Amino acid sequence: MDDTNKEKTNAFVQSDQELGSFSEETLREANDLRFSNSLSRRLMKWGVEARGILPVPAEQRTDTQYSKIFFIWFSANFNILSFSAGTLGPVVYGLSLRDSCLVILFFNLLCNLLPAYLTTWGPKLGLRQMCQARYSFGFFGVIVPSLFNLASLCGFCILNCILGGQTLASISNGNLSWSVGIVVIAVISLLVSFCGYKVLNWYERLAWVPVLVVYLVAVGIGGKHLSSPPPAVPATASAVLSFASTIAGFVITYSSISSDFTIYFTPEVPSWKIFWYSYLGFNIPIIIIQCLGAAFAIAAPNVPSWNQGYADGNVGGLLEAVLSPSGNFGKFLTVLLALSATANIAPTFYSICLNVQIVIPPLVVVPRYLFSLVATAVIIPVSIVGAHKFYTALTNFLGLIGYWGSAFCAVVILEHFAIRRGNFAAYDLTAWNDWRRLPTGLAALSAGALACALIVPSMNQVWFVGPIAKTTGDIGFELAFVTTALCYVPLRLLELRFKKLV
């Protein structure tokens with residue numbers, strides 16, 4: 001082993017031992033996997049990131065290019081999935097363009113506060129987001145929200161693969177199936193996520209540029225059909241709140257991965273700077289593209305070619321029809337639009353890798369990039385199976401994931417402010433991987449379970465409408481946050497009487 005690799009190995013071992021995380025045997029296994037294998041050494045020389053959920057010590061948090069986090073969120077949401085989410089307002093909930101855009105605006109501004117704030121914790125603690133959650137949910141208890149998070153992340157990847165595959169297939173005149181398109185999108189995303197932090201940041205900094213060109217051309221070509229939407233029909237509270245629930249589901253679940261991309265930033269960075277980079281990175285693309293999606297969906301029935309392309313909810317076909325007047329250039333732009341899905345899938349794959357190590361802690365010794373291969377192998381076949389039920393999947397998925405995401409945010413935020421008084425020094429970082437010293441998690445899990453008593457009656461889903469939701473519309477994600485917060489603090493204080501704070 002050359003001197004450079006010896007230094008890297010010693011630094012890794014020293015950093016982990018300083019954190020008191022693992023036995024010497026486990027550390028040796030981890031470093032054997034990373035450095036003894038010639039392929040691993042070569043990958044790391046090429047800049048592939050092996051680190052999974054191992055904390056980043058303060059001396060290794062040296063990145064000062066804080067704008068990176070803006071581009072991570074900007075590119076991840078400046079894509080075809082945001083467009084599709086916007087179409088749900090008029091297509092599924094029957095809202096006018098004005099009402100759809102108002103819901104999109106106000107609920108994004110509200111709900112994006114949570115993930116944007118949690119990004120500020122990464123530089124302070126050097127812990128991935130779900131590792132931070134161990135300080136409220138406990139070592140074993142955090143497996144429950146991590147499983148929900150894995151399901152959510154896989155769901156987003158599946159939806160993006162379907163959209164990207166549909167869009168690629170729409171320009172092929174039947175020569176390319178949706179299934180092949182899905183495989184192409186997934187493999188490109190795999191390559192980016194496999195490489196890790198450095199390549200991911202480079203890719204996300206550039207990925208939004210061609211997508212901006214596509215949407216500008218689409219508006220330039222189809223803008224004349226968007227200028228005169230049908231007269232607004234008075235919206236019902238039920239429709240507004242149910243659409244708001246899907247918007248909340250779209251963004252709140254970013255809270256469970258927020259810090260995954262900021263743990264290399266210097267601890268001294270002002271929190272307000274990271275917050276505003278993140279908050280704008282979420283809101284600018286999501287609000288603009290979702291409103292654009294609502295506008296095109298409303299106009300589609302009045303334009304025969306658009307309506308034909310949009311058959312069976314084929315969002316890629318709609319956009320291909322919009323761009324088709326520009327000929328082959330339009331097909332090229334449609335390909336770029338399809339590839340925009342990779343900017344969301346790649347960072348999601350990245351966080352999936354980390355969550356697997358939370359759910360199965362012994363896998364912490366396995367290099368992170370190997371899980372990207374596993375995630376791809378799972379996502380591709382599931383996407384192919386679900387490709388022809390896109391709108392049903394999108395509506396049900398976004399409506400459901402907001403509930404657990406709200407409850408999760410309530411727990412970690414109340415733990416930070418009510419229990420630890422907003423002081424990051426109150427987190428004993430040497431305990432991050434020691435189940436004996438971490439909380440039991442009973443308070444967090446019990447608060448979430450008690451909240452279900454109000455969440456379930458307040459749900460408005462295709463397969464179930466609760467008695468409260470029949471009157472008010474879907475208010476499940478709001479009640480999930482409030483009820484969990486009210487239950488968590490007294491339960492956590494009771495827990496602290498038997499187990500001290502770490």
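Is Asp63 buried or exposed? Select Asp63: its relative accessible area is 12%, so the residue is buried (under 20% relative accessible area; exposed means over 50% and partly exposed in between, with a 1.4 Å probe and protein chains only).

Before going on, some ground rules. This is a predicted model in which local features need pLDDT of at least 70 and side-chain atom pairs count only at pLDDT 80 or more, while totals for chains, interfaces and linings use all residues. Residues are numbered from 1 along each chain as its sequence is written, and side-chain values use heavy atoms, with hydrogens and water left out.

**Confidence**

Colour the chain by pLDDT (the predictor's confidence in each residue, from 0 to 100). The chain average is 85, and 87% of the residues score at least 70. Now select residues 1-36, where pLDDT stays under 50. The model has 58 contacts (heavy atoms within 4.5 Å) beyond four places in sequence for this stretch. Where pLDDT is low, the predicted coordinates should not be read in detail.

**Around Asp63**

Return to Asp63, in the loop between helix 3 (38-45) and helix 4 (68-77). Helices here are DSSP runs of H or I with at least four residues, numbered from the N terminus. Leaving aside neighbours within four places in sequence, Asp63 is in contact with Lys68, Tyr197, Tyr264, Phe265 and Thr266. Show the side chain of Tyr197: a polar contact joins it to the side chain of Asp63 at 2.9 Å. Such a contact is a pair of N or O atoms within 3.5 Å; within protein, one must be able to donate a hydrogen and the other to accept it, and residues adjacent in sequence count only if both atoms are side-chain atoms. Next, pick the C-alpha atoms of Asp63 and Thr266: they are 5.8 Å apart, although 203 residues separate the two along the chain.

**Salt bridges**

How many salt bridges does the structure hold? There are seven (each a side-chain nitrogen of Lys or Arg within 4 Å of a carboxyl oxygen of Asp or Glu).

- Asp99 and Arg98 form one at 3.3 Å, N to O; Asp99 is buried at 10% relative accessibility.
- Asp428 and Arg437 pair at 2.6 Å, N to O. Asp428 is partly exposed at 27%, and Arg437 is partly exposed at 29%.
- Arg436 meets Asp434 at 3.9 Å, N to O; Arg436 is exposed at 55%.
- Glu415, Arg420, Arg492 and Glu495 are linked in a network.

**Last stop**

Select Arg421, in the loop between helix 21 (390-419) and helix 22 (442-455). Its phi is positive, about 55°, although Arg421 is not a glycine. With 64% relative accessibility, Arg421 counts as exposed.

Key:
Helix = DSSP H or I, 4+ residues; strand = E, 2+ residues; numbered from the N terminus.
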